[in-house]
Amino acid sequence: MGKFKILSIDGGGFRGIFAAYILKRIEEEFSFDCLKDFNLIAGTSTGSIIAAGLVAGLSASDVFSLYEEHGGRIFNRNFYKVGLLSSQYKNDYLKQLLNKIFGNKRLGDYCYPLIIPATDIGAGKVHIFKSSFDRDFVRDKSVYIRDAVLASCSAPTFFDPFTVENYFLSDGGLWANNPSLVAAIDAQKRIGIDSKDIKVLSLGTGMGNVFYSQKNKQLTKLTGWGFLTGWERERLIEMILNLQSETADNMLSLLLDSNQIMRINFESDRKLPIDDVAMKKDLQSKADRYFTHNSEKIRSFLEIGG
């Protein structure tokens with residue numbers, strides 16, 4: 001058999017539009033079918049929307065349009081709650097959108113390999129949603145895809161946790177913001193693919209400047225991790241997500257050879273909030289520029305005929 005191709009998509013809130021646009025260009029420029037030409041798709045948080053959408057039959061262009069049309073409604077500030085004591089956003093609109101996209105489809109309805117990481121904050125454990133590709137993994141067959149995605153998207157401080165079949169769940173980005181390592185291990189251990197036959201296209205959503213200055217260090221000596229010190233809870237969450245993505249990428253490079261991995265991402269010297277929909281044009285521009293300059297490398301990696 002040919003190479004076993006994995007598509008992995010990071011979390012990152014609205015920044016997922018970067019990954020969606022990269023896939024849109026790949027599909028359109030190369031007549032590439034993500035569902036047909038990848039063998040396993042994994043996505044965390046916003047990446048789970050893209051991953052599940054592709055598995056459910058949406059094109060990458062369709063998924064990209066979801067961000068364009070609905071991003072502003074999803075990240076609509078929750079003015080009815082006190083921000084320091086509750087989540088910034090309600091999940092009502094996202095819940096309605098996911099219901100419209102996936103309806104009553106369950107994970108058990110799909111044998112195509114789909115992996116969606118979440119976090120079981122009720123038990124302090126990792127939680128992975130899977131479609132029915134693994135016969136030994138029977139827990140998720142009755143889980144609605146819309147619920148698995150909503151749980152994976154429930155980023156701490158941004159959206160409330162979400163309960164799925166008695167599991168109290170939050171964003172999978174807390175431990176697998178970059179799900180490429182999870183996907184590669186499942187391909188080997190659960191599907192039986194030889195590590196030498198695996199290729200991973202790993203799509204990031206940007207790495208912003210979230211380090212802390214000496215000013216924060218001096219303030220913290222006086223008052224600890226409180227919000228008044230400038231630690232900023234959203235900045236801390238974003239730093240955790242960035243560190244997890246980078247760690248997974250580094251560990252994957254120890255598992256596979258460099259020619260088996262293609263990581264597409266970008267760095268910024270500014271903060272990259274996960275909820276800033278005003279960045280839409282900038283993120284699309286970055287994705288377009290990356291694809292334009294690296295299209296032949298992408299074509300070669302995915303083994304697409306000229």
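**Helix H1 and its two partners**

Guide: Helix H1 (residues 16–30) packs against helix H11 (residues 280–301) at an angle of about 45°, with the axes 9 Å apart. Helices here are DSSP runs of H or I, at least four residues, numbered from the N terminus, and axes are lines fitted to C-alpha atoms over the stretch in contact, with angles from 0 to 180 degrees between N-to-C directions. This is a predicted model, where local features need pLDDT of at least 70, side-chain atom pairs count only at pLDDT 80 or more, and totals for chains, interfaces and linings use all residues. Residues are numbered from 1 along each chain as its sequence is written, and side-chain values use heavy atoms, with hydrogens and water left out.

So H1 and H11 are oblique to each other (under 35 degrees is roughly parallel, over 145 roughly antiparallel, 65 to 115 roughly perpendicular, the rest oblique). On the H1 side, the residues in contact (heavy atoms within 4.5 Å) include Phe18, Arg25 and Phe30, and among those they meet in H11 are Leu283, Asp288 and Phe291. By class, that contact has eleven nonpolar, three polar and six charged residues.

Now for H4 (residues 60–74): its axis comes within 8 Å of the H1 axis, and the two cross at roughly 150°. H1 and H4 are therefore roughly antiparallel. Gly16, Ala20 and Leu23 are among the H1 residues making this contact, with Val63, Phe64 and Tyr67 among those from H4.

Technical notes
Ala, Val, Leu, Ile, Met, Phe, Trp, Tyr, Cys and Pro count as nonpolar, Asp, Glu, Lys and Arg as charged, and the others, Gly among them, as polar.
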